[in-house]
Amino acid sequence: SRVFNFSAGPAVLPEPVLRQAADEMLDWQGTGMSVMEMSHRGKEFISIHAEAEANFRELMDIPSSYKVLFMQGGAIGENAIVPMNLIGRTGRADYVLTGDWSKKSAKEAATYGQVHVAATAAASKFTAVPSQSEWKLDPGAAYVHICSNETIGGVQFHWTPDTGSVPLVADMSSDILSRRIDVRKYGLIYAGAQKNMGPSGLTMVIVREDLLGHALAITPSAFNYQLQAEADSMYNTPPTYAIYVAGLVFRHVKKMGGLAAMEAHNLAKANVLYDFLETSSFYRNPIAKEDRSLMNVPFWLNDESHNDAFLKGAEQRGMLQLKGHRSVGGMRASIYNAMPIEGVQALVQYMKEFESRHG
Ligand code: PLP
């Protein structure tokens, strides 16, 4: 009865994870309690939290000099929380604009310090990542911010910027756990959980320890990284159920072979769709080939009068949530970790059929 869900989020999760959560809903491991009903300071939840963190650290190969924080507020919350915690070191930060999400981050940060746009993809209409030779980095910036994957635009970094001694900060909301990354090259990584990790309501933050302790005085204590790190992310009540489900996802990803396996799986899936789009004159995807997202594939029908029929036919075949983001229209296939290759193959098959009927 399960469909192929091409939703950009919140949350498309692996079926075994959902089944386990359902099985354990009323009685977690003989305790007679749902995880939602447990004290976050009790031994049961502490064990859930500790296993989730250990597996996340192992999957991402996070060095011990980094703290892992389980927070709330989502990535939009982090757009303010990051500058509140980090910008105070010098009062200025560099932002690289590659689409709607990074533009939003820069705008929010300007409330807390001086924001400098080090590079923008505006000239390409946000269809490519500006090459680093075009970036104008400020050596006195407190950090450089990027969005590693623009969920709406479908533009992804396939290289790690070199920002020298200035810490690199990345919003990885829509591509975390989809591929291997070298955490050591970043000062801070944040991500809303709700694409590849779990239900919305949980935000993961990975922060290098030496960046803690510089929060602006106005920073709410629940959003102060240092206080949260000292309290093991329990300064306030954490999103316990979301942490539990994310923990199940981390276990599942490990079982599937970790991030190297995810990366191969995601590359194979995206290739099926992009290879087809390249050959079609009925559909188009305007993103520069080397910067195309492996997670979110926006595409347009050249004749948009067929949009409704396209979506209706997809739904009838059990392929849901293909409508593009409201700000850009068209279609978007989000193919996160939980999307099987069969889902992408079924989509391409349907796109071919639709093209032969309407092209
Ligand atoms: N950043 C990126 C890259 C996203 O994809 C999203 C949400 O989809 C956000 C930020 C906003 O996240 P939230 O709604 O959790 O605040």
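This is a short tour of the model, stop by stop, with what to select at each one.

**Before you start**

This is a predicted model: local features need pLDDT of at least 70, side-chain atom pairs count only at pLDDT 80 or more, and totals for chains, interfaces and linings use all residues. Residue numbers start from 1 along each chain as its sequence is written.

Colour by pLDDT, the predictor's confidence in each residue, from 0 to 100. The protein averages 97, and 100% of the residues score at least 70. Confidence is lowest in strand β1 (residues 4–5), at a mean of 96. It is highest in strand β5 (residues 144–147), at 99. For the complex, the predictor gives an ipTM of 0.99 and a pTM of 0.98.

Element names follow DSSP runs, numbered from the N terminus: helices are H or I with at least four residues, strands are E with at least two.

**Stop 1: the two domains**

Select 24–255 as domain 1 and 257–358 as domain 2. These bounds come from an automatic or database domain assignment. Over C-alpha atoms, the two centres are 27 Å apart. Contact here means that the C-beta atoms of two residues, placed from the backbone, lie within 7 Å.

Nonpolar covers Ala, Val, Leu, Ile, Met, Phe, Trp, Tyr, Cys and Pro; charged covers Asp, Glu, Lys and Arg; the others, Gly among them, are polar.

**Stop 2: the ligand shell**

Select Gly-9, Gly-74, Ala-75, Ile-76, Trp-101, Cys-147, Thr-151, Asp-171, Ser-173, Ser-174 and Gly-192, the residues around the ligand. A residue is near the molecule if its C-beta atom, placed from the backbone, lies within 6 Å of it. Which helix gives the largest share of this shell? Helix α3 (residues 74–86), with 3 residues. The shell divides into 4 nonpolar, 6 polar and 1 charged residues.

**Stop 3**

The peptide bond between Gly-9 and Pro-10 is cis, with omega near -5°. Pro-10 sits in the loop between β1 and α1 (15–23).

Next, select Gln-194, in the loop between β9 (188–192) and β10 (203–208). Not counting residues up to four places away in sequence, Gln-194 touches Gly-9, Pro-10, Ala-11, Pro-199 and Ser-200. Is Gln-194 buried or exposed? It is buried, because 26 other C-beta atoms lie within 10 Å. The cut-offs are 20 or more for buried, 12 or fewer for exposed, and partly exposed in between, counting other C-beta atoms within 10 Å of the residue's own, all placed from the backbone.

**Stop 3: Ala-141**

Go to the loop between β4 (114–120) and β5, where Ala-141 lies. Ala-141 has 24 other C-beta atoms within 10 Å, so it is buried. Leaving aside neighbours within four places in sequence, its contacts are Thr-90, Arg-92, Ala-93, Asp-94, His-116 and Val-166. Arg-357 is 216 residues away along the chain, with 55 Å between the C-alpha atoms.

**Stop 4: two positive phi angles**

Most residues other than glycine have a negative phi, and most peptide bonds are trans. Select Gln-29, where phi is near 45°. Gln-29 is in the loop between α1 and α2 (43–60). It counts as exposed, because it has 11 C-beta neighbours inside 10 Å.

Then select Ser-233, where phi is near 60°. Ser-233 is in the loop between α5 (225–230) and α6. With 22 C-beta neighbours inside 10 Å, Ser-233 counts as buried.

**Stop 5: a three-stranded sheet**

Finish on the open sheet β11-β12-β14, with antiparallel pairing. Strands pair if DSSP finds at least two bridges between them. β11 and β14 are the edge strands, each pairing on one side only.

- β11 (residues 283–284) and β12 share 2 bridges. Arg-284 stands opposite Trp-300 in β12.
- β12 and β14 (residues 331–334) share 4 bridges. Val-297 has Ala-333 as its bridge partner in β14, and Pro-298 stands opposite Arg-332.

Last, select β12 (residues 296–301): 5 of its 6 residues are buried, so the strand is largely enclosed by the rest of the structure.
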